[in-house]
Amino acid sequence: MALEIERKFKLRNPAILEGLSGSHFLQAYLAKGAVLVRVRVSGDHAWLTLKSAPLSAATRHEWEYEIPVADAQQMARQPGAYALEKTRFFIEHQGHTFEVDRYHGGLEGLYTVEVELPSEQTAVDLPDWVGEELTGRKGWDNESLARVGWPGL
């Protein structure tokens with residue numbers, strides 16, 4: 001059983017992305033109940049992801065499976081599905097990979113930073129371009145951003 005242990009932050013300085021290339025993602029949420037069901041498409045790859053309810057602010061079970069892109073695109077267009085689009089940039093810093101997301105569409109101008117960790121106790125030296133911590137704050141998770149839009153700032 002896979003665990004996702006992740007901390008999330010605001011991006012303090014978008015200039016850190018200048019000159020970097022990222023990957024475009026379409027993320028669509030299909031169902032929310034005992035598990036959250038999401039499809040994600042990036043280029044010629046797609047994944048179906050199931051996420052449990054949070055076990056703590058930073059931890060939940062997550063299962064992810066690669067699926068055909070055409071299937072994911074069709075799932076994302078189903079009635080009741082809601083989606084967001086973003087570009088993800090990967091930045092290495094002191095042994096950790098920071099994932100910086102620049103959102104598009106109705107979320108244009110919003111940037112977040114995530115870092116996955118092997119345990120909740122793992123110490124992370126945050127770079128100066130990482131801002132306020134958002135871990136566990138409802139409204140800032142991607143499902144809420146897709147469903148509701150901009151969180152209360």
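H96 lies in strand 7. Strands here are DSSP runs of E with at least two residues, helices are runs of H or I with at least four, and both are numbered from the N terminus. The model is predicted, so local features need pLDDT of at least 70 and side-chain atom pairs count only at pLDDT 80 or more, while totals for chains, interfaces and linings use all residues. Residues are numbered from 1 along each chain as its sequence is written, and side-chain values use heavy atoms, with hydrogens and water left out.

Stay with H96 for a moment. Its relative accessible area is 14%, so H96 is buried. Buried means under 20% relative accessible area, exposed means over 50%, and partly exposed is in between (1.4 Å probe, protein chains only). Which residues does H96 touch, not counting those up to four places away in sequence? They are I91, V115, L117, T122, A123 and V124. A contact means heavy atoms within 4.5 Å.

Now step back to the whole chain. The protein chain has two helices and nine strands. From the N terminus on, the order is β-β-β-β-β-α-β-β-β-β-α. The C-alpha atoms fill a box of roughly 40 × 35 × 30 Å, taken along the principal axes. The radius of gyration is 15 Å, which agrees with the value near 15 Å for a compact globule of 153 residues. That radius is taken over C-alpha atoms, and the globule rule is 2.2 Å times the number of residues to the power 0.38.

Of the 153 residues, 46% are buried. Consider contacts between residues at least 6 apart in sequence: 58% of them join residues at least 24 apart. The accessible surface comes to about 8000 Å², and carbon and sulfur atoms hold 52% of it. Accessible areas come from the Shrake-Rupley method with a 1.4 Å probe; for residues, only the protein chains shown count as cover.

Next come the charges. The chain has 16 positive and 22 negative charges, and their mean positions are 6 Å apart. Lys and Arg count as positive, Asp and Glu as negative; His and the chain ends are not counted. Each charge is placed at NZ of Lys, CZ of Arg, CG of Asp or CD of Glu.

How many salt bridges are there? The count is 15. A salt bridge is a side-chain nitrogen of Lys or Arg within 4 Å of a carboxyl oxygen of Asp or Glu.

Take D101 and K86. Their closest N and O atoms are 2.9 Å apart, in a salt bridge. This pair links distant parts of the chain: D101 sits in strand 7 (residues 96–103) and K86 in strand 6 (residues 82–93), 15 residues apart. D101 is buried, at 0% relative accessible area. K86 is buried too, at 0%.

E114 and R88 form another salt bridge, with closest N and O atoms 3.4 Å apart. E114 belongs to strand 8 (residues 111–116) and R88 to strand 6; they are 26 residues apart, so distant parts of the chain are linked. E114 counts as buried at 4%, and R88 counts as buried at 5%.

The R147 and E143 salt bridge has closest N and O atoms 2.7 Å apart. The two residues are four apart in helix 2 (residues 142–148), so about one helical turn separates them. R147 is partly exposed at 41%, whereas E143 is buried at 3%. Elsewhere, salt bridges that share partners join K8, K86, R88, E99, D101 and E114 into one network.
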